[in-house]
Amino acid sequence: MPGDPDLQLRGRLIRSLGSLRDMLPGSLVERQRACGRPTCHCADGKNLHTQFQISVLVDGKPKAFHVPAKLVEQVRQQVAMRGRFDAAAATVCGINLRRFLKQKEEP
Ligand SMILES: [Zn+2]
């Protein structure tokens, strides 16, 4: 069935996965913190430093890794790739489940 829209969608999704090869796990978290230097602008407790971390499970344990400012946008996109990968996998699995259930009914 070359015209099957499910198969067309499945093929399109699978072919798109290569573009997500740089995906990263976890989530990008923004944190506000004081650096502790008494003369810094953050010492008033209001003008805090913004820092980014990638928060991720490693071997089932939560870890947080500092993300340097120059890599924040890149990491944001890489984390978003994981979401697109998961969404594509869920759609492909849904198509395949439908196909399996239909296949079972065939004589
Ligand atoms: Zn500071």
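The three strands form an open sheet in the order 1-2-3, with antiparallel pairing (strands pair if DSSP finds at least two bridges between them). Strand 1 (27–33) and strand 3 are the edge strands, each with a single partner, so one side of each lacks a neighbour in the sheet. Neighbouring strands are turned by 35 degrees against each other on average, direction ignored. The model is predicted: local features need pLDDT of at least 70, side-chain atom pairs count only at pLDDT 80 or more, and totals for chains, interfaces and linings use all residues. Residues are numbered from 1 along each chain as its sequence is written.

Strand 1 and strand 2 pair in the antiparallel sense over seven bridges. Arg 33 has His 49 of strand 2 as its bridge partner. Helix 2 (residues 72–105) packs on the sheet and touches strand 1, strand 2 and strand 3 (contact: C-beta atoms, placed from the backbone, within 7 Å). The direction of helix 2 makes about 140 degrees with that of strand 1 (axes are lines fitted to C-alpha atoms, for helices over the stretch in contact; angles run from 0 to 180 degrees between N-to-C directions).

Seven bridges also join strand 2 (residues 49–58) to strand 3 (residues 61–67), again antiparallel. Leu 57 is bridged to Pro 62 in strand 3. Two residues lie between the strands of this hairpin, where Asp 59 takes a positive phi near 50 degrees.

From the N terminus, the elements of the protein chain run α-β-β-β-α (DSSP runs: helices H or I, at least four residues; strands E, at least two).

Methods
Contact = placed C-beta atoms within 7 Å.
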